[in-house]
Amino acid sequence: PGLGYGFDKTALADVSVPVQIWSGAIDDRVPHDTNGANIAANLPNMPEVHVVENAGHFAFLAECDPRLREINPEIWNMVCVDADGFDRAAFHQLFNKKIIEFFDSSLPRPDRQ
């Protein structure tokens with residue numbers, strides 16, 4: 001939810017679809033308190049909110065190709081190295097499952113009508 005600080009109740013008043021918000025607890029680029037939490041507080045209906053412990057900004061990206069470490073160590077360190085205690089592969093297993101469950105329960109399907 002980047003730029004989440006820019007949305008108030010008026011801006012979000014017409015949002016009527018279910019919303020799921022994911023934030024990293026240690027994201028210093030898009031902090032939850034000023035972005036995801038702000039959107040959640042200003043939506044007309046309470047969204048499903050997940051603040052992922054030990055997740056930084058880039059934790060939501062897929063695991064990096066190990067060749068990047070040698071090709072561009074600066075980018076590797078910024079994008080691919082997670083905080084101690086955070087397992088990106090395990091997180092993505094849960095993340096992907098939760099998103100699919102959310103879509104399955106929130107989106108209309110022809111076989112449910």
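Begin by selecting Trp 22, Val 52, Ala 55, Ala 59, Phe 86, Phe 91, Phe 95 and Ile 99, the eight residues of the largest nonpolar core. A nonpolar core is a set of buried Ala, Val, Leu, Ile, Met, Phe, Trp, Tyr and Cys residues joined through side-chain atoms within 4.5 Å; buried means under 20% relative accessible area, exposed over 50%, and partly exposed in between (1.4 Å probe, protein chains only). Helix H5 (residues 88-106) supplies the largest share of this core, three residues.

This is a predicted model, in which local features need pLDDT of at least 70, side-chain atom pairs count only at pLDDT 80 or more, and totals for chains, interfaces and linings use all residues. Residues are numbered from 1 along each chain as its sequence is written, and side-chain values use heavy atoms, with hydrogens and water left out.

Next, select Phe 91. Apart from neighbours within four places in sequence, Phe 91 is in contact (heavy atoms within 4.5 Å) with Trp 22, Val 52, Ala 59, Phe 60 and Phe 86. A second, separate core of five residues includes Leu 12, Ile 21, Ala 40 and Leu 43.

Proceed to His 92, which lies in helix H5. Is His 92 buried or exposed? His 92 is buried, since its relative accessible area is 12%. Beyond neighbours within four places in sequence, His 92 is in contact with Ala 59, Phe 60, Leu 61 and Ala 62.

Finally, display strands E1 (residues 20-24) and E2 (residues 48-52), which pair in the parallel sense over five bridges. Strands pair if DSSP finds at least two bridges between them; helices (H or I, at least four residues) and strands (E, at least two) are DSSP runs, numbered from the N terminus. Ser 23 stands opposite Val 51 in E2.
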